[in-house]
Amino acid sequence: MINPIKSALATVLLLTSLNAKDIASDEILNKMINVYGGEKNITKMNSYEQVWLIEAKTGNSNGTDHRKVSLPSSLSTELTYPDKKESRTLINGYGVKEFGDKKVVASGPMLDAMKLQLMRLYNPLILKNRAQNIEAASDDANYILTLKEGGLETKYFVSKRDYLIEKVVGKLSFGAQSMEFVTLYKNYEKQNGVMMPTTEVKYAGDVNTAIMKLQALKAINN
């Protein structure tokens, strides 16, 4: 027979734990929104264009990344190198990849990778709108916000010091295998009233694939 006192106590403890988690997550996101520039400024910067200089770490050719972002639904990137060009476009979950004369409709891991690329760019306001799908944890230096969306998982490491996102880890699964794509964010500057990183350091697994430097940014008026 279940002890009613123990059962009631367990329920109270569970509800307290859930409420504490929800409050902590909400508090973190609210502080992030304030640090990044406030809801009004962040909303204005939900759509933007950027040009990045790519310092390739796994090859000999550097290049550029012309990126167009409209959060939370679309991302297009045009990668240009001396010997090749490639573009990727994701709009409302539909992805297309073009390279040379080939055009491929993305599916499976290719499409999931494109979705993770968009998720890593979510700003604090977009994350707050998805707070019901976020779990909060922490380590010594960071709050860790884990967002699960459409079978994909992305972790945002938020500095306890300044409430800026220092690292994003996207997990891509294919069959019994998985790989993590890591981006480190450095050298934040205020752009059109919003704190944005001007350096990205990218890893595929443990391999440093590129260091990217921001060359230009323009807000897009919708």
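K155 is partly exposed, with a relative accessible area of 28% (partly exposed is the range between buried, under 20%, and exposed, over 50%, using a 1.4 Å probe and protein chains only). It pairs up with E153 in a salt bridge, where the closest N and O atoms are 4.0 Å apart (a salt bridge puts a side-chain nitrogen of Lys or Arg within 4 Å of a carboxyl oxygen of Asp or Glu). E153 is partly exposed too, at 23% relative accessibility.

Keep in mind that this is a predicted model, where local features need pLDDT of at least 70, side-chain atom pairs count only at pLDDT 80 or more, and totals for chains, interfaces and linings use all residues. Residues are numbered from 1 along each chain as its sequence is written, and side-chain values use heavy atoms, leaving out hydrogens and water.

- The structure holds 14 salt bridges.
- Salt bridges with shared partners link D65, R67, R120, E200 and K202 into one network.
- R130 and E149 form a salt bridge, with 2.6 Å between the closest N and O atoms.
- Since R130 sits in the loop between α4 (124–128) and β7 (134–138) while E149 belongs to strand β8, the pair ties together parts that are 19 residues apart in sequence.
- R130 is buried at 19% relative accessible area, whereas E149 is partly exposed at 22%.
- E27 and K31 also meet through their side chains in a salt bridge (3.4 Å, N to O).
- Both E27 and K31 lie in helix α1 (residues 4–36), four residues apart, or about one turn of the helix.
- E27 is partly exposed at 41%, and so is K31 at 35%.

**The whole chain**

- The protein chain has four helices and 13 strands (DSSP runs numbered from the N terminus: H or I of at least four residues for helices, E of at least two for strands).
- Of its 222 residues, 39% are buried.
- Taking contacts between residues at least 6 apart in sequence, 40% join residues at least 24 apart (contact means heavy atoms within 4.5 Å).

**Helix α3**

- Buried residues in α3 are L111, M114, L116, L118 and M119.
- Their cover includes β3 (74–81), β4 (84–91), β5 (94–99), β8 (142–149), β9 (152–159) and β10 (165–174).
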